[in-house]
Protein chains: 2
Amino acid sequence: MTTLIVGNSRTEEMVGDLTTLSPDDLVSGGCGAQRMLWYARDGDILVLPWLPETAYLNYVTALTGTRLATLTLVVPPPGFLGGDILTPDRLADEGFRDELRTVLTTRRIDQVLAVYTDTAIAELATVLDIEPALPGHRFSAQGGDALVNSKAAFRAMAAGTGVSIAPGTVVTRPEQAEAAINALLGQGYPVMVKQEFHGGGFGNEILATTDALRPAGAPQVVVLPDGPAVTDYVTQRWTWLTGGRGHRLVVERYFADSVTIYAEFVITDEEIELLGVGEILMEPVAVGEIVPAQSIDPQVRDRLVVAGRRLCEPIRGLGYRGNLSTDAILTPEGEIVFSETNGRITGSTHLHAVIGARVVGANHRDHRVIMERGGWQAASFTGALEQLTAAGLAYDPATRTGIILTSCHVPADDTVVYCVVAEDLAAVREYQRRLAALLTGVSV
Amino acid sequence: MTTLIVGNSRTEEMVGDLTTLSPDDLVSGGCGAQRMLWYARDGDILVLPWLPETAYLNYVTALTGTRLATLTLVVPPPGFLGGDILTPDRLADEGFRDELRTVLTTRRIDQVLAVYTDTAIAELATVLDIEPALPGHRFSAQGGDALVNSKAAFRAMAAGTGVSIAPGTVVTRPEQAEAAINALLGQGYPVMVKQEFHGGGFGNEILATTDALRPAGAPQVVVLPDGPAVTDYVTQRWTWLTGGRGHRLVVERYFADSVTIYAEFVITDEEIELLGVGEILMEPVAVGEIVPAQSIDPQVRDRLVVAGRRLCEPIRGLGYRGNLSTDAILTPEGEIVFSETNGRITGSTHLHAVIGARVVGANHRDHRVIMERGGWQAASFTGALEQLTAAGLAYDPATRTGIILTSCHVPADDTVVYCVVAEDLAAVREYQRRLAALLTGVSV
């Protein structure tokens with residue numbers, strides 16, 4: 001079983017127009033893409049935006065039990081946005097494709113695993129003559145994954161299948177947006193506006209008549225006290241709200257003080273398999289997560305999984321194959337309100353499919369709580385790892401507890417992403433306290 | 001059983017940006033909307049862009065056996081584009097809504113039948129408190145019908161469900177369009193480019209390296225002899241190709257000398273019911289049609305219906321309810337290649353649901369061929385009708401043969417649309433010859 005793994009994190013359908021990403025966004029996107037190394041098994045081929053440092057390669061493969069020397073790492077030449085992320089033009093480079101073809105003369109690819117299966121990935125599979133290795137190739141080759149990641153299409157599919165969504169609608173014109181925003185504000189509800197294609201809450205804004213709200217799921221609250229303020233907001237923000245591309249816009253009620261949860265599934269020809277349930281930490285946008293979700297009781301979890309699976313069914317009917325995260329909030333009133341689906345390798349997938357299933361192991365994962373967080377200020381990956389080890393906090397395969405460094409964002413913002421594995425939430429919190437004591441400036 | 005019938009032909013998802021329609025397009029759209037009168041039964045309420053002339057009202061209701069006096073016709077005040085078509089702002093007019101509310105105090109609406117169920121129709125159902133009367137209301141209220149009418153989404157759904165489509169892809173950027181066009185032209189195939197949202201072939205263009213092709217399904221063939229010509233074409237036409245709204249673009253192989261056919265279905269909570277099969281006459285865009293299709297044999301018809309039904313299934317799974325036309329071509333090699341789906345009352349629906357089922361009648365329709373064509377030059381609807389009657393060509397309910405005037409486009413371009421009902425295709429042709437002899441300037 002050989003997998004062609006492609007670290008194409010960011011795509012236009014993940015974060016919108018790539019040309020609007022800042023240099024820091026690009027570097028950060030590339031750092032996130034290196035996380036695909038976690039999925040590698042002996043003999044796999046990885047296409048990455050750039051070669052991660054040796055320390056990271058050694059560290060990750062040691063924890064997953066993969067022999068680094070068996071892996072083939074391929075980096076295409078820089079593209080129109082440089083070398084930080086794997087843009088489609090890089091994947092289309094003929095020299096790179098020839099390099100892959102050469103690798104493939106001695107290897108049979110059984111599976112293609114890309115962060116996001118857009119038409120660039122589908123075309124790559126076609127030119128390499130490995131279409132059958134890419135699940136749902138026919139659907140993805142026609143741009144189908146856009147349907148599964150569109151927040152606008154999501155609302156229609158959820159409504160159409162009877163899955164609960166926030167009151168609101170999907171609009172295409174400024175006057176419709178204004179009417180929809182005014183209608184919700186007029187009923188006394190704050191509003192969330194969502195770009196059709198974006199991620200992590202960065203394409204969302206919360207609108208309210210006063211400044212009393214704490215934002216979650218969007219970077220900020222915009223105060224719009226009256227109708228004229230709404231008109232001005234829609235006029236001034238219209239290009240941004242529509243992704244600079246005439247995309248559709250979601251306008252829906254915002255539920256304050258809610259818990260953000262998800263159920264992630266793997267959709268195959270044969271079945272819809274639950275991968276896991278987790279809880280996203282919003283401060284005010286996604287900063288980390290807890291697996292399994294700790295703020296919900298088993299009944300809520302069951303409702304989440306049942307409704308999430310119901311969302312998977314029409315999407316499977318369309319021909320999509322791959323991971324699908326069905327995201328929701330649990331309101332203070334105990335209602336589960338779905339917010340979007342993401343058809344891709346998400347920021348959570350590795351916690352379930354690798355950290356839980358392979359590092360901790362299938363026999364033990366039910367007795368562990370995993371919390372991942374970013375933002376640990378570190379001068380280097382090696383330095384952070386040494387600190388962990390010296391303090392006795394590093395993950396120990398014998399006890400199956402401790403702290404794992406899941407990705408390195410030092411090139412972007414001098415931080416690393418860490419992941420605590422412990423017996424329960426209290427033990428996770430204890431690890432966090434010890435880490436905070438060790439490191440000045442880490443917020444816990 | 002009372003139906004609220006709404007003649008909202010044209011919407012943005014049918015023909016693209018409404019503000020780009022010419023004055024003639026607007027008048028023509030409004031004339032087509034009057035065709036909704038055919039669906040009326042005793043006691044129904046019709047919302048129309050303007051009141052059709054009395055002769056038309058009398059004529060249509062006489063043929064359908066509906067008592068005109070029992071109908072309620074409502075016309076909202078003009079909107080931002082005037083009074084020719086039912087734009088969303090007209091449906092939102094408060095005076096109009098109050099008028100409908102008054103009508104509804106004495107009537108219970110069992111069904112809402114709109115040409116196109118966009119969010120404006122869904123909202124109208126909500127404010128009138130008749131949501132359950134609109135099939136698929138939840139889906140339509142979130143803009144879902146766009147998914148069912150998008151030529152881009154169609155390609156993904158068809159590919160994902162294993163229904164045959166033309167080689168090609170869906171693109172979002174000019175450089176992708178250029179590559180896709182060059183790839184097909186380079187293989188020696190002409191290309192059809194299709195706007196995501198348009199109808200009747202008017203959003204399509206055929207691209208070829210020579211001028212030898214006869215266009216069908218698009219107004220024209222654009223000759224692009226080489227790569228630089230493709231680059232220029234994409235650059236100059238990009239705004240038009242993306243509907244002036246950043247829509248997606250379909251690029252696919254064009255099959256010359258094909259027959260355009262469709263199977264139309266009605267999707268309900270309970271089932272997917274075949275409404276009928278027909279053949280579209282392209283000269284070079286849709287000018288008429290024949291029901292049932294005459295250029296295909298029973299085996300082709302069966303393959304069309306089986307594959308069309310397979311397309312309906314995922315669309316039903318999404319939550320869409322209503323009519324769905326699954327359109328295809330039969331290539332000279334005998335392959336059925338699907339081209340799009342239209343989730344709305346189509347230009348064919350009345351031929352099956354009214355002319356066939358009610359005027360001819362369920363017991364006799366299997367022994368009739370129906371051919372509808374536009375373009376009969378006429379100074380007035382009454383004048384055309386008198387000519388038909390004087391010549392003994394008018395439809396005779398006793399013999400269930402003859403010519404019916406299905407819609408009046410005199411206000412738009414001094415034409416009427418007629419429909420021949422006869423025992424077989426030869427008899428239809430004979431009616432056409434007699435009509436041509438009667439009228440100078442009618443092409444048959």
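Two strands are said to pair if DSSP finds at least two bridges between them, where strands (E, at least two residues) and helices (H or I, at least four) are DSSP runs numbered from the N terminus. This is a predicted model, in which local features need pLDDT of at least 70 and side-chain atom pairs count only at pLDDT 80 or more, while totals for chains, interfaces and linings use all residues. Residues are numbered from 1 along each chain as its sequence is written, chains are lettered from A in the order in which they are written, and side-chain values use heavy atoms, with hydrogens and water left out.

**The sheet of eight strands in chain B**

In chain B, eight strands make up an open sheet with antiparallel pairing, and their order is 14-13-10-11-12-15-17-16. Its edges are strand 14 (336-342) and strand 16 (402-408) of chain B, each of which pairs on one side only. On average, and with direction ignored, neighbouring strands of this sheet are turned by 30° against each other, where axes are lines fitted to C-alpha atoms (for helices over the stretch in contact) and angles run from 0 to 180 degrees between N-to-C directions.

Within this sheet, strand 12 and strand 15 of chain B run antiparallel and are joined by four bridges, and here B:Val291 stands opposite B:Ile370 in strand 15. Strand 15 (residues 369-377) also pairs with strand 17 (residues 415-422) of chain B, in the antiparallel sense and over seven bridges, with B:Val369 standing opposite B:Ala422 in strand 17.

**Backbone features in chain B**

Most residues other than glycine have a negative phi, and most peptide bonds are trans. The table gives two peptide bonds of the other kind.

| Peptide bond | Form | Omega |
|---|---|---|
| B:Glu283 to B:Pro284 | cis | near -10° |
| B:Val291 to B:Pro292 | cis | near -10° |

B:Pro284 has its place in the loop between strand 11 (272-282) and strand 12 (286-291) of chain B, whereas B:Pro292 lies in the loop between strand 12 and helix 12 (298-318) of that chain. B:Asp129, although it is not a glycine, has a positive phi of about 60°, and this residue is found in the loop between helix 6 (119-127) and helix 7 (137-141) of chain B.

**The sheet of four strands in chain A**

In chain A, an open sheet of four strands has parallel pairing and the order 3-2-1-4. Strand 3 (72-74) and strand 4 (111-114) of chain A stand at its edges with a single partner strand each, so one side of each is left without a neighbour in the sheet. Neighbouring strands are here turned by 15° against each other on average, direction ignored. Strand 1 (residues 3-6) and strand 2 (residues 45-47) of chain A run parallel and are joined by three bridges, and A:Ile5 stands opposite A:Leu46 in strand 2. Helix 5 (residues 94-104) of chain A lies across strand 1, strand 2 and strand 3, running at about 170° to strand 2; contact means heavy atoms within 4.5 Å.

**How the two chains are related**

The same surface serves both copies, as 100% of the contact residues of chain B recur in chain A.
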